[in-house]
Amino acid sequence: MRQARWVIAILVLATGTAYAAESGGIHGTGRYGTAGCGLGSLAFGDQKGAIQILAATTNGTFGTQTFGITSGTSNCGESAVGMAGTKTFIEGNREALAKDAARGSGETIDTLTVLAGCKDSKAVGAVLQKRFTALFPGEGVAVEKVSEAVIGTLRTESSLACGAIG
Amino acid sequence: MKHRRFPFAFLCSALALASVRGEACAADTVPPLGPEAEDPYLSELIAAARAQGLGHDKAWLRLGRWRPRLLGGYESEADGADFFLAHDGKKDPAAELEAMLRGLFAPEPVAPADVRADHPQCRFPARFAYLARRLGLDQARIPLRSCPRFADFWRRVSGRSVALVFSSYYLNNPSSAFGHTFLRLGKSDLGTPGERFELVDQGVDYAATPDTSNAVLYAFKGLTGLFRGEFTARPYFYKVREYADYESRDMWEYELALQPDELAMLIGHLWELGQTWFDYYYATENCSYHVLGALEAVAPRLELLSHVGKVTLPADTVKALFANPGLVRAVRFRPSGRTQLQARASGLTGSELERVTELADGGEPEAFSRAPEAERVRLLDTALDLVDVRHGRAIIEGSDPAADALRQRLLERRSAILVASEPLAIAPPRSGGPERGHGSMRLGVGAGASSADGPLVVLDGRLALHDLVDPPAGFSPQTQLEFLKFRAALLPRSRTIRLDEATLFQATSLNGFGRLERRVSWKARAGAIRVVDAGCPGCVAGGFEVGGGPAVLARGGALAAAVTADAELLGAPDLRGMAGGPLRPGVGPGGLVRVLVGDRVALLGTASWRWLPLASPRTTFQLGAIARLHLGAVSLAAEWRRSPIAQEGVLSLQVFAR
């Protein structure tokens, strides 16, 4: 009798926990495809519904495959001073950078200033803020267009003296 | 990079310059090509290694993750065969050491296709550096090889510092509920001295690679080591965007005081780890375990894994750092998106907050465009943070065009005011980081009386982690997360043992239902519990319970009150459940009030009422109150419970341990 009692307890438990694990979590749409280094492309590129389980298993929402230490390092694997690193940084921080640009200041602008080798982050912030609408027209625009436009602005605005993206 | 032959920068740093004999670190000395068949120097080195017993040296064992086996001998935790050069390297550290020494003299591979075909000097730079140091390798007598792949990684990392990062408890994701830890390799040579650009650092973490989308299979595989765990490296900004923005988790960064040679060894060792995989065990050999294992391997002076229990909780790994005096050089706090929103909102008046929510709802507050510039900046900045906290996920996923449009409108309005926002300075929370948290295991013993059973001796305990009235330091005051909790009472009068509770897990997430965010609080519990009404007095029933509803929080969460709509299901053979069967569903309201007075005193009151359709009895209820006085690792607790068939009170002593 004791045993039967525990069997029922365990059965009820098993259904309950399975349900709890199934519900919740997030679902991606795959809209971004594999383009650029944007968060959307990393998180939701080819995974669609599996993203939920991915999130639940890997301790991370954004996929791991493209960031092996020794193999297959994607172009998004590094953000360093220079053109390529600046592009990766802009694409990977698109949403955060847009917000900082609208505010004219912030951590992503400070970092962008260093990566592009510009002189002064206050000046960079002021330029991005002033040109905001042209540079960040909204999420509907491909992330490479955004990085292209931002880099173009930094290069042409000679007062910024962004030496690393020549 | 000019170091095409071998990353001399690495070898020199790893050896801390002095210990290489010969042309120490003058690079570019081209050594003669060594013959492959048993170079006399190789024989010399093998003899020296044997004489020193290096094959079972602590540092060597750590580099290869060899652990003593229960029945003698060793076995490495690394499961990828590529991690070993010797045929039986997984189980024979001494054989692997000799294979590595032989490997150092191996001929230059012809156009290696991938890292596995690279020269052993390049594949295992940390092992190479270890042997170079311990055997005092003579550079002139070993043909040094060029390692373009490793040199590229070395340059990509440009490591100048290392921090262990703890991203906070995240109840919405089962695998992150206990938090997550990983490494940040800092490039501090950017910009001017003193400035920090952490976003371009490299984040290195160890995580499972799942191969199933079935939840039950996932749980099973995660717990039994059937997933592969691998190390990955990516720019730190991806981690910040993921944890701080996307999941709104605060991050704690513990900057480690590693010596320059230890840091170089770490980078070389991570390169080695990147070539293998481990069976991933969610509870034991998880992210935190392997991160500590990597640190221990490159700094044998540290004792880290011996400070965590069999179950490796991320918070315990932070405590393990502090168990090595001087290891943590600095602690930094990176506020999540929600914490930033709260900081901005805390400076606003009630009417300003109203206008913020109006903006974030897409409306136009009255006379907004005529408000002073500074005020408009303040309100728009807060509204933007609010929109991101509310819709950030959907915007990144691209699933909510209306939210995109709303955010874009606010961004454009904000950018039209050509004033830069002041940086937001946010102090770390008063409750502190995970290092201040109590031990996750709790054991209690107490005595009391029950109106039905007479005197009681109560034993209770819990494996992990925290409830709403445990010592608040180091934890979120809004979260309960408990695994494997039990409570039993010895009844002297009837000389029996009464099982009160055997809970598998119990979680509560209290979220303020306020002006800015209308987030629902929720709770869930699964396990066995004693039935305390006429349905089956004294039966132990298995079951689960869920509930959700609004909560009010004040004083940073120290005061909390919640009302929930609950549903539960109990099952026991003798239960007079639905239509007389063994299953008894119930629904009804629940509520709780919790008060924290400083770090010492915690009070909790709970109440629930249930309607039990087609069961006998038709309704039931429970009331409870707990008061705890926290005195370091020990707490005094007073508890009172009332149910339809009894009421009881218990005084107990609670002890917290790792």
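This is a predicted model: local features need pLDDT of at least 70, side-chain atom pairs count only at pLDDT 80 or more; totals for chains, interfaces and linings use all residues.
A crossing of two helices is right-handed if the near helix is turned clockwise from the far one by less than a right angle.

**Chain A overall**

Chain A holds 9 helices and 0 strands. Its pattern along the sequence is α-α-α-α-α-α-α-α-α. The chain has 166 residues, and 54% of them are buried. Consider contacts in chain A between residues at least 6 apart in sequence: 48% of these join residues at least 24 apart.

**Two helix pairs**

Two packed helices are described by the angle between their axes and the distance between the axes. The table gives both values for one pair in each chain.

| Helix pair | Residues | Axis angle | Axis distance |
|---|---|---|---|
| Helix 4 and helix 9 of chain A | 83-92 and 143-156 | about 125° | 9 Å |
| Helix 11 and helix 12 of chain B | 287-298 and 314-322 | roughly 25° | within 8 Å |

Take the chain B pair. The axes of helix 11 and helix 12 of chain B cross at roughly 25°. That angle makes helix 11 of chain B roughly parallel to helix 12 of chain B, because angles under 35 degrees count as roughly parallel. Helix 11 of chain B passes helix 12 of chain B in a right-handed crossing. Helix 11 of chain B brings Ser288(B), Val291(B) and Leu292(B) to the contact. Helix 12 of chain B brings Pro314(B), Thr317(B) and Ala320(B). By class, the residues of this contact are 4 nonpolar, 2 polar and no charged.

Now the chain A pair. Helix 4 and helix 9 of chain A pack at about 125°. The two helices are therefore oblique to each other. Helix 4 of chain A also passes helix 9 of chain A in a right-handed crossing. From helix 4 of chain A, the contact uses Thr86(A), Lys87(A), Ile90(A) and Glu91(A). From helix 9 of chain A come Val143(A), Val146(A), Ser147(A), Val150(A) and Ile151(A). This contact has 5 nonpolar, 2 polar and 2 charged residues.

An α-helix has 3.6 residues a turn, so residues three or four places apart point the same way.

**Helix 7 of chain B**

Helix 7 of chain B spans residues 148-157. Its buried residues are Phe150(B), Ala151(B), Phe153(B), Trp154(B), Arg156(B) and Val157(B). Just after helix 7 of chain B comes Ser158(B), with a positive phi of about 40°.

Methods: Residues are numbered from 1 along each chain as its sequence is written. Chains are lettered from A and ligands numbered from 1 in the order in which they are written. Axes are lines fitted to C-alpha atoms, for helices over the stretch in contact, and angles run from 0 to 180 degrees between N-to-C directions. Helices (H or I, at least four residues) and strands (E, at least two) are DSSP runs, numbered from the N terminus. Angles under 35 degrees count as roughly parallel, over 145 as roughly antiparallel, 65 to 115 as roughly perpendicular and the rest as oblique. Two residues are in contact if their C-beta atoms, placed from the backbone, lie within 7 Å. Ala, Val, Leu, Ile, Met, Phe, Trp, Tyr, Cys and Pro count as nonpolar, Asp, Glu, Lys and Arg as charged, and the others, Gly among them, as polar. A residue is buried if 20 or more other C-beta atoms lie within 10 Å of its own, exposed if 12 or fewer, and partly exposed in between; C-beta atoms are placed from the backbone.
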